[in-house]
Amino acid sequence: MSKTIILASHGTPGARAAEEAALEIAQNDKANIIHLYVVPDFWRGMRGDDWLNNAVTQKRFGDYLENELASEARIEINRLKENADRAGVLLETRAMFGKPAECLISVSEEESPYSIFIGTPRPRGEQGYNSRMKLEPLVQSLKARLVIVPRKP
């Protein structure tokens, strides 16, 4: 039976610190990694209907946004896959749409990992969206060790 680590990452500095730590542990423990990439559900229905004035423009904006999110996901997934290949670690990616904590709990229940790695949130004032992982549901539900890796200064 192989050891499994779940790594929740979407490429932010905190998530990249978690990636490095998970890859190192996976190498040492001869474990495989399931990379969880979650597109937060707040994007659902983001059509700009509060500021775009017709259905055609709203549809175009929605298609554009969907393509941008997919492109961003592909870039991050490919980057991490290359890092895992270099480290000699077997990596499988699961891309999901939803609430990050709920998605992580769901994958954890399916896979029964021995460790789960996440990064720390982006500090206040730093540019970019903070897709925060809600810790309380994780602490209450996860049956594996949760490792929260601090980002590098």
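Biologist: What should I know before reading the numbers?
Modeller: The model is predicted, so local features need pLDDT of at least 70 and side-chain atom pairs count only at pLDDT 80 or more, while totals for chains, interfaces and linings use all residues. Residues are numbered from 1 along each chain as its sequence is written, and side-chain values use heavy atoms, with hydrogens and water left out.

Biologist: OK, how many residues does helix α1 have?
Modeller: Helix α1 has 17, residues 13–29. Helices here are DSSP runs of H or I, at least four residues, and strands are E runs of at least two, numbered from the N terminus.

Biologist: Which α1 residues are buried?
Modeller: G14, A15, A17, A18, E19, A22, L23 and A26; buried means under 20% relative accessible area with a 1.4 Å probe, protein chains only.

Biologist: And what do they pack against?
Modeller: β1 (4–8), β2 (32–40), α2 (55–87), β4 (115–119) and β5 (145–149).

Biologist: Which residues have the most contacts inside the largest nonpolar core?
Modeller: I5, L7, I33, V89 and F117, in a core of 16 residues. The largest share, 5 residues, comes from α1. A nonpolar core is a set of buried Ala, Val, Leu, Ile, Met, Phe, Trp, Tyr and Cys residues joined through side-chain atoms within 4.5 Å.

Biologist: Switching topic, where does the charged end of K3 sit?
Modeller: Over the ring of Y114, 5.7 Å from its centre. That label needs NZ of Lys or CZ of Arg within 6 Å of the ring centre and within 35 degrees of the ring normal.

Conventions: Expected span 1.5 Å × (residues − 1). Buried < 20%, exposed > 50% of the residue type's maximum accessible area, 1.4 Å probe, protein only. Contact = heavy atoms within 4.5 Å.
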